[in-house]
Amino acid sequence: MMMMAATAVASSSSSSFFPCSRVVFPPRGACRSGGVRPPPARYGSSPSCLRRRASVRAVAPEPKAGKQQQLEVVYDPDERINQLADKVDREAPLSRLTLFSPCKVNVFLRITRKREDGFHDLASLFHVISLGDIIKFSLSPSQTKDQLSTNVSGVPLDDRNLIIKALNLYRKKTGSNKFFWIHLDKKVPTGAGLGGGSSNAATALWAANQFNNCIATEKDLQEWSGEIGSDIPFFFSHGAAYCTGRGEVVENIPPPISLDIPMVLIKPPQACSTAEVYKRLWLDKTSNVDPLALLEKLSKDGISQDVCINDLEAPAFEVLPSLKKLKQRIMAAGRGQYDAVFMSGSGSTIVGVGSPDPPLFVYNEEEYKDVFLSEANFITRESNQWYREPASSTATNACGAGSGFSSLS
């Protein structure tokens, strides 16, 4: 028999990454296609634990006398990307970061006029609350693009997502060449009027600045963020703000409501399209109460039903008539239980302030079996810190101060 030694290497140029593993192909005949399909891409726990598609090495060794020649096929991982990831971990002052991304409610929302550019001017008390997403950031060893994953379906993972838009904006403004692996643990419902996507964008800008040694000020981040969303600048306040313009003019105020007051959020499965709500808005049918008078009354007397005015409720109830019924039923069932019941933003979340418990009909009736429920509190943040998840004792301070950063596990 002729003696033979042959080596063949095939390497994929794909930029997909897979969890650390070493795989041996099955014996010949075990797989008709002649190969093994690699596992689907998913987010790993650390950059050094993510692998590029491996190369394949086929070796035909010299046979021993009297034995049939055998073919050994070994799945041989390409270590180049692993070495880059390890280098990032060793050399970067900060390579991984976990941040809380809280949402907001509009305690009152007045629409004051329609602008020439087609947008509307508003005057609103925005307040951050304790419901939020968790976002994990890791420096990518690649300098070509960000990679985003999430725990829910229906969330865009490309540059339609505000997280990716925010990171692109940061690089544009600063010249940074850092790219990221991001995992979004989504808890805030979409189409809820809670600003979950806007908060994600603000959190991404904050994170990018930490990875770049805080070369931008908070004021810079706040001003830049208005280019990709009207609600995003608010999250660079300290948690309570009187917002005007399209929402991008943010005035920090002392919290006018006790942070100890609980609330319950109730959101039906149906979302409200902000565009559709504004199409049905008639300015001559909105409230004529001075929003500054609302703010003064709220700061002096506390929260009550008469200050929680939302000019978008009426058009939202036209878009989603069942939402009006839900609010009315919560108010009727929760008399004495809630200090105020109101819709946040353009809907479709109804907020009951004063108790963390929803009314019993939400549990007992089939019509409401799929509603989203969450208790929450008003929260704020300190200067040079990002928002803390209330259930966590881990702070996320700015610019690597002390041990305040939370790392990916």
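**Strands, rings and backbone**

Reply: In this predicted model, strand 8 (residues 147-150) runs parallel to strand 9, and the two are paired over four bridges. Within this part of the fold, T150 has its bridge partner in strand 9, namely L184.

Me: In which sense do strand 7 and strand 9 pair, and over how many bridges?
Reply: S138 has a bridge partner in strand 9, W181. The pairing of strand 7 with strand 9 is antiparallel, and the number of bridges is six.

Me: How many of the residues of strand 9 are buried?
Reply: Strand 9 covers residues 180-185. The strand is mostly covered, and of its six residues the number buried is five.

Me: How many aromatic pairs does a search of the whole structure find, and at what angle do the planes of F126 and F234 lie?
Reply: The search finds eight aromatic pairs. F126 and F234 form one that is tilted, with 5.1 Å from centre to centre. The angle between their planes is 50 degrees.

Me: How many residues apart in sequence are the parts that the pair of F126 and F234 ties together?
Reply: F126 belongs to strand 7 (residues 120-139), whereas F234 is in the loop between helix 4 (218-225) and strand 10 (240-244). F126 counts as buried at 2% relative accessibility, and F234 counts as buried at 0%. The pair therefore ties together parts whose separation in sequence is 108 residues.

Me: Is the pair of F180 and F211 stacked or tilted?
Reply: The ring centres of F180 and F211 are 5.0 Å apart and the planes meet at 55 degrees. Stacked rings would need planes under 30 degrees apart, and edge-to-face rings over 60. The pair of F180 and F211 is therefore tilted.

Me: Which helix does F180 of strand 9 reach through its pair with F211?
Reply: F180 and F211 are both buried. The pair links distant parts of the chain, 31 residues apart, with F180 in strand 9 and F211 in helix 3 (residues 196-211). The helix is thus helix 3.

Me: How many residues of helix 3 are buried?
Reply: Helix 3 has 16 residues and reaches 23 Å from its first C-alpha to its last, close to the 22 Å expected. The helix is largely enclosed by the rest of the structure, because the number of its 16 residues that are buried is 15.

Me: Which residue lies over the face of Y387?
Reply: Y387 belongs to a cluster linked by ring pairs, together with W206, F236 and W386. At 5.6 Å from the ring centre of Y387, the residue over its face is R381.

Me: What is omega of the cis peptide bond that joins G347 and S348?
Reply: S348 lies in the loop between strand 13 (340-343) and strand 14 (350-353). Most peptide bonds are trans. The bond joining G347 and S348 is cis, with omega of about 15 degrees.

Terms used
Residues are numbered from 1 along each chain as its sequence is written. This is a predicted model: local features need pLDDT of at least 70, side-chain atom pairs count only at pLDDT 80 or more; totals for chains, interfaces and linings use all residues. Side-chain values use heavy atoms; hydrogens and water are left out. Rings of Phe, Tyr and Trp (its six-membered ring) pair if their centres lie within 6.5 Å; planes under 30 degrees apart count as stacked, over 60 as edge-to-face and the rest as tilted. Buried means under 20% relative accessible area, exposed over 50%, partly exposed in between (1.4 Å probe, protein chains only). A charge sits over a ring if NZ of Lys or CZ of Arg is within 6 Å of the ring centre and within 35 degrees of the ring normal. The expected span of a helix is 1.5 Å times one less than its number of residues. Two strands pair if DSSP finds at least two bridges between them.
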